[in-house]
Amino acid sequence: MADWSTIAALPQQKLTQLFDADAGRLERLSLDVAGIHFDFSKTHLTAEMIAAFDALARASDLAGKREAMFGGAHVNVTEDRPVEHTAERGEGNPESVRRARGYHARMRALVDAIEADAFGPVRHILHIGIGGSALGPHLLVDALGRDSDRYDVAVVSNVDGMALEDVFNLFDPAATLLVVASKTFTTTETMMNAESAIAWMTEHGVEDPYGRVVALTASPDKAIEWGVDETRVLPFSEGVGGRYSLWSSIGFPAAIKLGWDQFEELLEGAAEMDRHFRLAALHENAPVLAAFADLYYTQVRRAETRAPFAYDERLRLLPSYLQQLEMESNGKGVTIDGKPVTYPTAAITWGGVGTDAQHAVFQLLHQGTHLVPVEFLAVIEQGDTLPEEHHRQLLLNAFAQGAALMKGRENPDDPARAYPGDRPSSTLLLDQLDARTLGALIAFYEHRVFVNGVLLGINSFDQFGVELGKEMAKAAAKGGGSFDPSTDDLIRRAGLA
Ligand code: F6P
């Protein structure tokens, strides 16, 4: 883990002072990669700070670890696995890339078969999965599939039957293809929802419901055992983590909704970001600079949260996608060597959609007592067909909020109406929201998480923290034993004992 004292010792200046003192600041702290303009100039990063971070990154062997990840080394040490999501987009060790291409070919063949009505007319796709097996595909379909009337896609994750029942009320079972997405094919919620979806099809006279199931999994044997024919099992590698899996067969609903060419564009956009991450110097590297800012705020300024706000309805699911990516990856309490950490790890990711959030949570951002680095995401090209004033208002609001957070406003006569300012933000401005740019954007976040993990000295690729609660829920479901007076009472009150 890096020693932040050199960075903490640097003079801390206000954002407005940093701009006043350095005419080249905007240029130095903004860059354009893969159709995305990154503006980090409203963060407290300075040339000196970046040089100090650069030294820490070298001391942590960031470049070596990055190449180890791309090269297929077992960088996920606790699970003794390689990390293979970049191979899904063609950037990785040749063996992993070859295997991913084979899996993609299977996936493409199935997309073609469905389009050619091999399963009869399919109008509805019911995708069942949770966590990484739902958030990524849901984001893709929601962001990019709005203008496509190819299929209706619903993504159901919650074990709460209401989620599934809502879809049952909308979809025709005879025209529905059931997609069961689970890396392990053992996740309680997913398997229960899948069983209920099969029961719904059976009750509505679908003769061979299992014949209308596609399984997306790294455990093909389990899917076959559950009843899916091998020809409709789309595998992916164990080395592709759940929250990094939308590039693999887990992206199937997006491939079918958007069409295969768009899915390939998504992969190519991500590959472009991969190449940038691998090749650009650290001080001109978008994921690296973003991670340096993250680390400055978590380690030196002790910010406990960070908040991305999507100023584009199409990206409304991005904050929840990022919550899993960032918090499941870097919300850790031990170092990669298994020692307790003595410093904060990942910030809590929260966020929302602009302009709505301005009328709800921005009060705290402008005047509250927490330091919250904000991230604005906006798209230059308008997505809707309403008068362009809507889009103009949307973008101007995003930019004005960043300016207000930084500048603040004094009011000696009325402190309640004063704004302290000096509140950091970064802005990611996409030329347009298409598959390629979204691929690059998501890959940017993945690499930013990786850089944070390396400098924090933790393993970003395991997630043992989720296991205990799962085990206890399973034990409770089996009626196994008692917990504690409070929990036992709640179980009794709900009539579950
Ligand atoms: O409980 C957390 C988790 O293991 C995530 O890491 C994962 O994305 C999700 O559950 C779903 O797991 P699976 O794809 O195996 O059903």
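Predicted model: local features only at pLDDT ≥ 70, side-chain atom pairs only at ≥ 80, totals over all residues.
Let me begin with the domains: the assignment for the chain gives domain 1 as 4–78 + 265–465, domain 2 as 95–261, and domain 3 as 467–497. Between domain 2 and domain 3, the C-alpha centres are 31 Å apart.

I turn next to the sheet, which is open, has 5 strands in the order S4-S3-S5-S6-S7, and shows parallel pairing. Strand S4 (152–156) and strand S7 (233–235) stand at its edges, and each has a single partner strand, so one side of each is left without a neighbour in the sheet. From one strand to the next, the twist averages 20°. If we look at one pairing in detail, strand S3 (residues 124–128) runs parallel to strand S5 (residues 176–181), and 5 bridges join the two; Ile128 stands opposite Val180 in S5.

Which strands does helix H6 touch as it packs on the sheet? Helix H6 (residues 94–115) touches S5, strand S6 (213–217) and S7, and its direction makes about 150° with that of S7. Helix H9 (residues 188–203), for its part, lies across S3, S4 and S5, and runs at about 150° to S3.

Now to the helix pairs, both of which involve H17. Two packed helices are described by the angle between their axes and the distance between the axes. For helix H13 (residues 286–300) and helix H17 (residues 435–456), the axes come within 8 Å and cross at roughly 50°, and H13 and H17 are therefore oblique to each other. This crossing of H13 and H17 is right-handed. Sorted by class, the contact of H13 with H17 holds 9 nonpolar, 2 polar and 2 charged residues.

The other pair is helix H14 (residues 318–330) with H17, whose axes lie 10 Å apart and which pack at an angle of about 20°, an arrangement that makes H14 roughly parallel to H17. The crossing of H14 and H17 is right-handed. Among the residues making this contact are Leu322, Leu325 and Glu326 of H14, together with Tyr445, Val449, Gly453 and Leu456 of H17. By class, the contact of H14 with H17 comprises 5 nonpolar, 4 polar and 2 charged residues.

Notes: Residues numbered from 1 in each chain as written. Domains from an automatic or database assignment. Axes fitted to C-alpha atoms, helices over the stretch in contact; angles between N-to-C directions. Helix = DSSP H or I, 4+ residues; strand = E, 2+ residues; numbered from the N terminus. Parallel < 35°, antiparallel > 145°, perpendicular 65-115°, else oblique. Left-handed = near helix turned anticlockwise from the far one by under 90°. Nonpolar A, V, L, I, M, F, W, Y, C, P; charged D, E, K, R; others polar. Pairing = 2+ DSSP bridges. Contact = placed C-beta atoms within 7 Å.
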